Amino acid sequence: MALGEEALRDHIKTIGLFRNKAKHVIALSRQLIDRHDGEVPKTREALEALPGVGRKTANVVLNVAFGEPTIAVDTHIFRLGNRTGLAPGKTPLAVEQGLEKQVPAQYRLHAHHWMILHGRYICKARKPECWRCAIAEVCAFADKTSAPG
Ligand code: SF4
């Protein structure tokens, strides 16, 4: 809050949608002070009531800050859930619910990080690298790719 929106914007200008994000962070910081004694709330409902916070962000905060085994579905996880057949769904919420059923409890806390990394470096959006994928044998994707060359 003391930094102000303009200076904050300058600090985060290398990330996507930084103007909107700076606006939301200032507005939500004000709400944290006014309504939550300056603390980040621990419930999904209170988190999603903050400016700029949707289900995905609430899931990230619940998971990383408060240790809850939530699965935040970003673009990588949405693609993976559908492409592999692990948790197909038309919406991020459907994929999230499918993954909650499929991922064994002992892996759920860190599952979204592992899936994001898998999506970013192996099961890439435009061309997945199936030839070096550790889960190729159990993946349902029909058009698996081969090594180049
Ligand atoms: S086999 Fe290919 S499509 Fe399936 S998870 Fe691995 S990289 Fe993705």
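The paragraphs below go through this structure from the whole chain to single residues.

This is a predicted model, in which local features need pLDDT of at least 70, side-chain atom pairs count only at pLDDT 80 or more, and totals for chains, interfaces and linings use all residues. Residues are numbered from 1 along each chain as its sequence is written.

The chain has seven helices and zero strands. Here helices (H or I, at least four residues) and strands (E, at least two) are DSSP runs, numbered from the N terminus. Along the sequence the pattern is therefore written α-α-α-α-α-α-α. The C-alpha trace spans about 55 × 35 × 25 Å along its principal axes. A residue is called buried if 20 or more other C-beta atoms lie within 10 Å of its own, exposed if 12 or fewer, and partly exposed in between, with C-beta atoms placed from the backbone. Of the 149 residues in the chain, 19% are buried. Two residues are in contact if their C-beta atoms, placed from the backbone, lie within 7 Å. Among contacts between residues at least 6 apart in sequence, 36% join residues at least 24 apart.

The domain assignment, which is automatic or taken from a database, gives domain 1 (5-53) and domain 2 (75-138). The C-alpha centres of domain 1 and domain 2 are 28 Å apart.

L17 sits in the loop between α1 (5-11) and α2 (18-36), and its phi is near 55°, a positive value in a residue other than glycine. L17 is exposed because it has 11 C-beta neighbours inside 10 Å. D37 lies in the loop between α2 and α3 (44-48), and phi of D37 is also positive, near 55°. With 8 other C-beta atoms within 10 Å, D37 counts as exposed.

Next comes α4 (55-64). The buried residues of α4 are K56, A58, N59, V61 and N63, and what covers them includes α3, α6 and α7 (108-121). Why does A72 count as buried? The reason is that A72 has 21 C-beta neighbours inside 10 Å. Leaving aside neighbours within four places in sequence, A72 is in contact with K56, N59, V60, N63 and H112. H112 is 40 residues from A72 along the chain, yet their C-alpha atoms are separated by 6.4 Å.

Helix α5 (residues 75-84) and helix α6 (residues 92-102) have axes that come within 10 Å and cross at roughly 65°. Axes are lines fitted to C-alpha atoms, for helices over the stretch in contact, and angles run from 0 to 180 degrees between N-to-C directions. In this contact, I77, F78, G81 and N82 of α5 meet P92, V95, G98 and L99 of α6. These residues divide into five nonpolar, three polar and no charged. Ala, Val, Leu, Ile, Met, Phe, Trp, Tyr, Cys and Pro count as nonpolar, Asp, Glu, Lys and Arg as charged, and the others, Gly among them, as polar. An α-helix has 3.6 residues a turn, so residues three or four places apart point the same way.
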